[in-house]
Amino acid sequence: MQLNGSEIIAECLLEQGVDTVFGYPGGAVLNIYDALYKYSDRITHILSAHEQGAAHAADGYARTTGKCGVVIATSGPGATNLVTGIATAYMDSIPMVAITGNVSNDLLARDSFQEVDICGITMPVTKHNFIVKDVKDLANVIRKAFRIAMSGRKGPVLIDIPKDVTGAVCEYIPETPKAICSELLSAQEDFEAAAKAINEAKRPMIYMGGGVVSADAESQLLALAEKIDCPVATSIMGLGGFPSSHRLFIGTIGMHGGYETGKATDNCDVIITAGARFSDRVAGDREKFGKEATIIQLDIDKAEINKNVKINYSLLGDLKDTLSKLTETVSPAKHDEWTTQVAEWAKHSGVTETPSSENYAHPYHIIEAVNKLTNDDDIIVTDVGQHQMWVSQKYRFEKPRKWCTSGGLGTMGYGLGAAVGSAVANPGKRVVLFTGDGSFHMNLNELATVRSYDLPIVVVVLNNTVLGMVRQWQKLFYGRRFSQTDPHRKTDFAALAEAFGVKGMRINNDSDAEEVLKEAFASTEPVVIDCRISPDENVLPMIPPGKTVDDMITEME
Amino acid sequence: MENKQIIGLLVHNHPGVLLRVTSLFTRRGFNIDSLTVSPAGIDGYSRMTIRIHGDDSQVEQFINQMLKIVDVKKAEVLPESTSVAMELILIKVSSDSDNKNDIIAVTSAYHASLVNIGEHSLTFRASGTPSQIDTLISQLSSYGILEMARTGIAALQNGDSTLAH
C-alpha cells in the first residue's frame, strides 16, 4: 500500500510490537506527529517536559520490560537533548531506538534552522546510527535499527530522518520481524576447561552484572550457583538478577560493596563472572582484582574479554545458553567451609551508623521503611550519588527488572524520567524514586509529566542540602575544601510538588518516617516526600579509587 | 610484547564508515601509524589497512572493538610471515651539484627512481615493505629531506586466502 514516510514509521513500530513511545514534538517531526495522531488508537505517545526526560523514560521502559524503548524528538536542540539519555542507555547496554527529525534534504548541510549532525554527535554513544535520505530505505532501516538494538549486547540506535522523507510517499510492504537467534560461540572444550577449573575450586565466587538481567538468565544463574554452592556478588547493574534473600547472596561488589564481598574477591580461588565488565568501580585495582583467582568470564560481547582484567577462560554467547551449558558441565559441590568463612566476614561490617537525631532522618532507616511498604514487584528507581549507593546497599531486590539506575554513565537527573517510563510500562505497579536534592534539581520538570498521566510514583528526596557524594570525596581527598558542593538552596520540595499538582510531604526525622511513608503508600496518587537527612552522612564502607579491600574506609570523622 | 601489527578490515562502503573506524582510535586510545582505504574489489565493500602499535592484548582488543562496528564485516591481523605488505613513497631530498651523484647512488640501491629534478632538490619514488621504506628514509636523512609523502600500507595474505574467504 502507498503510505507516507511518517505512516511507514508508525507501521514499522507496530511490526516490532511497539505500543508506547516517548517524545516531544517539533518542526521537523510535524509529519511524524500527524501520523501518531492518526495511529493514536494503537500507539500511545507519552509527552515529556524535556526531551532528556523522554529518553530516560524510554530507558526505564526498556529496563523494566525487556522490550526496546522508543523515543522521538525533533531536529537540532530536540536531538541534542536526547544525547545524555542515549549515552546513559549505551553505557548500561539498554535497548532503545531514538528517532529524530532533521531538516529536509535540500536544507541539509547549510546550517539551516534547527539543523544539527546528530549522527556525528551520537556516533560514540550508539551501537549504530542511520540517516535516511530516501523514503524507500525507511522501512528497512527501522527494522534493522530494532534488530541491532535488541541483538547481541543490547544498546541504543538512532535514526535521523529529514522532514521531506517523512512526507514522501512510497509503497509499504508489511514484514514480520524474524526472531533474533543467538549462537553459542564457545566450543565444548572451552566449557570443559572452565568446568574443570570450577570443579577443582575450593573457594569459588560468582560476580554477576547487568548482563544476567539483560539476557533474562536469572534462573540459569541461580541453578549454577546452587549446583556448585557458590556465593554470589553483584554489580550495581546486576541487582535483582539474584534474589537478595538467598543464602548464597553476599551483596554488591566494588567501591561501596560490603566488606564480605571485598574479602571474598581477594581470597577466592575461582571467580565466575557473568554479564559484567570489571569497571573501575568494581575492580578498583585491575592488577590485584581476584589476585588469587582463576577468572572465568561469560559474556555475549567478545570485546569485554581481557578489556580491563586478564581472563583465564572465556565463554561467549547468550548467557542463558552459556550458563546452562556450564551448569550441565560442572560437578555438584559443597563449599561449607568457604561459605561459613564468607558469612563470618559479613558479620564484620565495620561501619558504625550515625546516631539518630531530632533534625534528621537516617537514610538507611528510610530505605528499610520503604522496603517494608513495597512488594517484590514494585519498581525502585534512583538518581545518582550517595542516595543511589545507600539504596544499592540496603534495598532487598528479589526479582529482576524492578530496578533502574544509571550504573555506567552515572547520570544525575536520570531518575524521574526513568520512573515515568517504568510507571507507564507497568500499570498497577508502584514505582519509588529515591533521589537526592542535587539530582532532583536537574530534571524535576518531569513532575509535570507525572501529574499529566497520574503515575503512581512516590518520590523520596533524601535531602541533605549538599552535593553529598562529591562532598564526601572532598572530605577524604581534598582536605575538606568544599568547593561548590554546598549550594545554599532553600527549595521546599513539598511546596514545589504542590505547584505541579503533586502531593508534597515531609519527613523531618526517623520517628516521623513510618507514618508519613504509610500515608504516601496508602493511595496511588503521585507524591513527593522531602526527607531531611544530615549533610554529614557518608556512604560507607568505601574502597578508595584504584585500591582493594585492604584499604577499605569504614569510618569518617 | 610491544610491536607493530598490520590489520586488514573489510567494511561496508557506507557513508560515515571511515569516521566510525577512526573515531574508535581516539575513543579506545589505539595508537595508529598508517591507515589506507581503497575499494576492496567486491561490490559494496572497501578495504582498510591499518598499522597499529601495541602489545598482543591491545591488538586483540582492537580487532574485537572493530568487529562491533556494524559496518565492519571482517577484521584480521595480517602477520608479516604470511602476508605481503608494501607501500610507496615520494621523497624530496635537498641536493646540490656536489652530492647529486652520491644521492642517486644511495637511492638506486633501494630501486628508487628519480621522478623530478629541481634547482636544489631531487624527488624520488620508491616502493617496498614498510621497513625498506624506513631504511631508505634514514639513508637519505643526512642530505636533508625537504618533504615526503607515503601512501600507507597495502597488504594481502599470501597464497589463496583472502579476507572475504
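1. In this predicted model, 24 residues of domain 1 of chain A are in contact with 26 residues of domain 3 of chain A. Two residues count as being in contact if their C-beta atoms, placed from the backbone, lie within 7 Å. On the side of domain 1 of chain A that touches domain 3 of chain A, the elements giving two or more residues are strand E2 (20–23), helix H3 (51–65) and helix H4 (77–91) of chain A. H3(A) gives the most to this side, with 11 residues. Helices (H or I, at least four residues) and strands (E, at least two) are DSSP runs, numbered from the N terminus.

2. By class, this side of domain 1 of chain A has 8 nonpolar, 13 polar and 3 charged residues. Here Ala, Val, Leu, Ile, Met, Phe, Trp, Tyr, Cys and Pro count as nonpolar, Asp, Glu, Lys and Arg as charged, and the others, Gly among them, as polar.

3. Chain A as a whole is divided into domain 1 (2–171), domain 2 (188–347) and domain 3 (363–539); such bounds come from an automatic or database domain assignment. The C-alpha centres of domain 1 of chain A and domain 3 of chain A lie 29 Å apart.

4. A note on conventions and confidence follows. Residues are numbered from 1 along each chain as its sequence is written, while chains are lettered from A and ligands numbered from 1 in the order in which they are written. Local features need pLDDT of at least 70 and side-chain atom pairs count only at pLDDT 80 or more, whereas totals for chains, interfaces and linings use all residues. The model scores ipTM 0.89 and pTM 0.96. Chain B averages a pLDDT of 94, and 99% of its residues score at least 70; pLDDT is the predictor's confidence in each residue, from 0 to 100.

5. How many residues does each chain give to the contact between chain B and chain A? Chain B gives 12 residues and chain A gives 9 residues. Helix H1 (17–27) and helix H2 (56–67) of chain B are the elements that give two or more residues to the side of chain B that touches chain A. H2(B) has the largest share of that side, 5 residues. The residues of the side of chain B that touches chain A comprise 2 nonpolar, 6 polar and 4 charged.

6. Chain B holds an open sheet of 4 strands in the order E2-E3-E1-E4, with antiparallel pairing. Two strands pair if DSSP finds at least two bridges between them. Strand E2 (31–39) and strand E4 (72–77) of chain B are the edge strands, each pairing on one side only. Neighbouring strands of the sheet are turned by 20 degrees against each other on average, direction ignored. E2(B) and strand E3 (residues 45–54) of chain B pair over 8 bridges, and the bridge partner of Pro39(B) in E3(B) is Ser46(B).

7. Two helices accompany this sheet. H1(B) lies across strand E1 (3–12), E2 and E3 of chain B, at about 150 degrees to E1(B). H2(B) packs on the sheet and touches E1, E3 and E4 of chain B, its direction making about 165 degrees with that of E4(B). Axes are lines fitted to C-alpha atoms, for helices over the stretch in contact, and angles run from 0 to 180 degrees between N-to-C directions.

8. Chain B is divided into domain 1 (3–77) and domain 2 (85–154). Between these domains, 6 residues of domain 1 of chain B are in contact with 5 residues of domain 2 of chain B. E2(B) has the largest share of the side of domain 1 of chain B that touches domain 2 of chain B, 3 residues.
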